[in-house]
Amino acid sequence: MTLSRRTLFATTAAVAATTAGTAQAAPASGGRPLRTGFERLAADGYALLDGRRVGIVTNPTGITRDARHIVDVMHADDRVDLVAVFGPEHGFRGTAQAGGSEGRYDDPATGLPVYDTYLKSGQPLADVFTASGVDTVVFDIQDVGARFYTYIWTLFDCMEAARLAGKRFVVLDRPNPVTGRAALGPVLHKEFATFVGRQPIAQAHGMTVAELARLFNDEFLTAPVPLETVAMTGWKRSEFYDASGLPWVPPSPNMPTPETALVYAGTCLFEGTNLSEGRGTTRPFELLGAEGVDGRWAAAANELGLPGVRFREAYFAPTFSKFQGKTVGGVQLHVHDRAAFDPVRTGIALLVTAKRVWGGFAWRSDNWIDKLTGSTQVRTMIDAGADTDEVVAAWQQELAAFRRIRRQYLIYR
């Protein structure tokens with residue numbers, strides 16, 4: 001008997017994929033084995049995809065716990081008819097920077113056609129699914145828990161497009177790296193909907209992608225798509241990413257570590273200002289600053305006694321983005337108690353104190369801050385002299401309403 005290269009790969013991948021779903025599942029805290037949606041799908045012999053022509057929406061985070069990409073694993077397995085890949089912002093293999101994608105190409109490793117989903121939605125994206133020849137669209141991307149991180153809106157747009165194209169939709173779940181304990185921050189107002197916030201959810205949503213898919217399907221899609229979710233086992237809402245035992249792959253070029261994700265839901269607001277949010281440094285979103293900022297900012301932020309975080313006077317020279325090649329002053333966040341840390345309150349406090357101590361503070365001229373926060377409220381209150389507590393208090397009623405809706409769609413305890 002002569003084995004073809006593909007058959008040999010398929011046999012190896014089948015054994016490895018099953019192992020990845022069982023024996024290799026690392027214990028989470030308390031000795032519970034955490035298994036991702038993909039691990040459970042593989043351990044079940046891909047029964048959910050049997051007889052289906054499958055396309056997958058994924059990026060470099062779609063990996064097994066032994067760091068193989070799931071597209072490579074599934075392509076080599078004859079139990080899966082994988083016929084297409086769909087790449088989001090930054091691309092399927094992750095070669096593009098912020099605001100970019102890889103376009104349409106054939107993947108050199110597998111020969112599979114890769115279609116670009118970035119900035120496509122509605123019927124144009126539905127046409128991409130139709131042209132690909134798939135009947136089932138699978139989604140597996142690591143999220144970071146913030147409303148303005150675009151992958152959850154790729155999920156939303158792909159669900160809506162799959163509905164329009166008459167496709168089945170399957171979501172493979174992964175942990176929220178900053179826990180799923182609570183939703184925090186302002187809720188988007190629909191008139192401010194963009195690709196950094198399509199629907200009225202909280203700034204830090206506290207959900208996994210499978211939970212969000214369930215919420216999107218029932219609350220926000222024009223009509224439901226045929227949806228199936230493959231939940232994790234062994235994940236608790238209180239757990240941070242390091243409890244998962246999974247390797248961390250940067251979901252985007254400026255999300256290098258789980259610590260970046262921890263602060264991102266608050267400090268990404270500095271994208272809406274003339275200060276650097278740390279892009280072009282080794283600590284994006286942990287370093288913030290501008291020319292002319294000095295130690296007064298760190299001192300003012302520390303005086304607030306915000307829970308779980310301290311601020312260090314810092315100087316840095318971004319290699320790209322704002323202040324490229326210039327030395328700027330600012331702060332570095334040091335989170336010392338991540339369970340107590342509130343990223344959104346901290347982000348607001350940093351905006352308030354930056355405006356107070358640095359005369360050069362300004363919002364971006366396009367009022368991008370309103371798209372990030374979801375309304376004009378944060379910007380206009382800070383401009384009017386409101387303090388941190390006043391700004392945070394202003395969104396509590398709408399946040400409470402979102403939390404009530406959110407509760408219906410939670411899968412894990």
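Biologist: Is the crossing in which H5 passes H6 left-handed or right-handed?

Modeller: The model is predicted: local features need pLDDT of at least 70, side-chain atom pairs count only at pLDDT 80 or more, and totals for chains, interfaces and linings use all residues. Residues are numbered from 1 along each chain as its sequence is written, and side-chain values use heavy atoms, leaving out hydrogens and water. With the near helix turned from the far one by less than a right angle, anticlockwise counts as left-handed and clockwise as right-handed. H5 passes H6 in a crossing that is right-handed.

Biologist: What is the orientation of H5 to H6?

Modeller: The axes of H5 (residues 151-165) and H6 (residues 209-220) come within 10 Å and cross at roughly 45°. Angles under 35 degrees count as roughly parallel, over 145 as roughly antiparallel, 65 to 115 as roughly perpendicular and the rest as oblique. H5 is therefore, relative to H6, oblique.

Biologist: Which residues of H6 make the contact with H5?

Modeller: Contact means heavy atoms within 4.5 Å. From H5 come Ile 152, Trp 153, Leu 155, Phe 156 and Met 159. Facing these in the contact, H6 supplies Val 209, Leu 212, Ala 213, Phe 216, Asn 217 and Phe 220.

Biologist: Which strands stand at the edges of the sheet?

Modeller: Two strands pair if DSSP finds at least two bridges between them. The open sheet of seven strands has mixed pairing and the order S3-S4-S2-S1-S5-S6-S9. Because each edge strand has a single partner, one side of each lacks a neighbour in the sheet; these are S3 (105-106) and S9 (227-230).

Biologist: What angle does H5 make with S6?

Modeller: H5 packs on the sheet, where it touches S1, S5, S6 and S9. Angles run from 0 to 180 degrees between N-to-C directions. With the direction of S6, that of H5 makes about 155°.

Biologist: Which residue in S6 does Phe 139 stand opposite?

Modeller: S5 (residues 136-140) runs parallel to S1 (residues 53-58), with five bridges, and Ile 56 stands opposite Val 138. S5 also pairs in the parallel sense with S6 (residues 168-172), over four bridges. There Thr 136 stands opposite Arg 168, and Phe 139 is opposite Val 171.

Biologist: Are the residues of S5 buried or exposed?

Modeller: Buried means under 20% relative accessible area, exposed over 50% and partly exposed in between (1.4 Å probe, protein chains only). Side chains in a regular strand alternate between the two faces of the sheet. In S5, Thr 136, Val 138 and Asp 140 point one way and Val 137 and Phe 139 the other. On both sides, all of these are buried.

Notes: Helix = DSSP H or I, 4+ residues; strand = E, 2+ residues; numbered from the N terminus.
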